[in-house]
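Q: Could you take a close look at one part of this model for me, the buried aromatic and nonpolar packing? I'd like a joined-up walk through it.

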Amino acid sequence: MAPLSWRHHTLLQALLSRGPLSERDFHAVFAALSGKNPATHQQLFSDTLLKINKDLAYLQFELRACINQYDGMVYYGVVNNIADEESKLGTKYSVPQIAFYKGLLEAIVQEAGNDGSITSIDALNVRLDNQVIIVDGSQDSQSRLPTSVTNFSLTQKEKTLDELIRDRWLSYTSTGKIGLGTRSFLDLRSWFRGNDIPSCMVCNEACIKASSCPNDECNVRIHEYCQRKKFSQRKASRGCPGCGTEWPRQDGEAGGDDYVNEPGEDEAPSANHSSRKRRKQVKAELVEENNNAGPSTAVPRSRTLRSTKAEAVEAAQQASSAGASQATRTSKRRKK
């Protein structure tokens, strides 16, 4: 197998030094190195990532892509595929900080509203004692928890929370709550599957932030971005893949076919489009009428107007004459 080139090394260095990169930024780095746009050279882009991952597999690392479920954007990053005790030695976080993160993770994925987030108050109230494993499992294991865990103060929780957000293990959502960060979505794929986190019916990835089927007896969940993709066709069925129940529309989602031909007053683009279409239709009808009438009708506008006026005057005179003749004949009959 040929060794990795300097271009492969630079791609890896960009991810290792900057952390997870958005698809746009990662594609920009790739384009700068290769001179090719990944959007138009998808095979080259895929072959490059495959080449990198073949070499990283020896070290149990992987260059992976994920979707941030809060904004629907794709991110790339390098992750460790082995989650053993030895790998934990490479982290900068202490035992109580790791226990605090585990507690936050459980609270977020178990959030009942499928919002995938918790409030800051709930985050600071997360307990650490049930996140630390005592090897012998004796009854007094609770009393033998590390002092650093039992004495982990509220101030320390606040500092750790800020640090986890800064390192992108956690994030602030658009509503100001605490949710998972990009690094969590990248690294915890196997953890999600191992802990029976419900999967999206469309992409089969774990549902941290997703919509549930309106049927309470159905367990189907779909990510919001997968929902937009699945139901983007106006004529596509909006039935739940599991039970067939009508899937509700998201805020701002386009309506059905009824809105295509009958736009509302506030739908200016559709109304303008209909007006332009109608103008084109009228113009085509006028052209067709002129063609059917023959070349004699193709006269300047001013002459057409004058002819129309003259015809109107002549018709009025004829009507007046006809009325006068009728009156004369009537008077003669009366004299007789």
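A: Let's start with Tyr-101 and Trp-169, both of which are buried. Bear in mind that this is a predicted model. Their rings form an edge-to-face aromatic pair, with 5.9 Å centre to centre and 70° between the planes. Tyr-101 sits in helix H4 (residues 95-109), while Trp-169 is in the loop between helix H7 (154-166) and strand S5 (170-172), so this pair links distant parts of the chain, 68 residues apart.

Setting aside neighbours within four places in sequence, Leu-170 is in contact with Tyr-101, and its other partners include Leu-104, Ile-108, Leu-161 and Leu-180. Leu-170 also shows up among the residues with the most contacts inside the largest nonpolar core, which has 35 residues; Leu-104, Leu-161, Leu-180, Phe-192 and Ile-208 are the others named there. H4 is the top contributor to this core, giving 7 residues. In general, nonpolar side chains in soluble globular proteins tend to be buried together.

Now for the other core. That one is separate and has 16 residues, among them Leu-21, Val-29, Leu-33 and Leu-49.

Back to the rings: there are 8 aromatic pairs in total. One of them is Phe-26 with Phe-45, edge-to-face at 6.0 Å centre to centre and 70° between the planes. Because Phe-26 lies in helix H2 (residues 23-34) and Phe-45 in helix H3 (residues 42-56), the pair ties together parts 19 residues apart in sequence.

Conventions: Residues numbered from 1 in each chain as written. Predicted model: local features only at pLDDT ≥ 70, side-chain atom pairs only at ≥ 80, totals over all residues. Heavy atoms only, no water. Phe/Tyr/Trp six-rings, centres within 6.5 Å; stacked < 30°, edge-to-face > 60°. Helix = DSSP H or I, 4+ residues; strand = E, 2+ residues; numbered from the N terminus. Buried < 20%, exposed > 50% of the residue type's maximum accessible area, 1.4 Å probe, protein only. Core = buried A, V, L, I, M, F, W, Y, C linked by side-chain atoms within 4.5 Å. Contact = heavy atoms within 4.5 Å.
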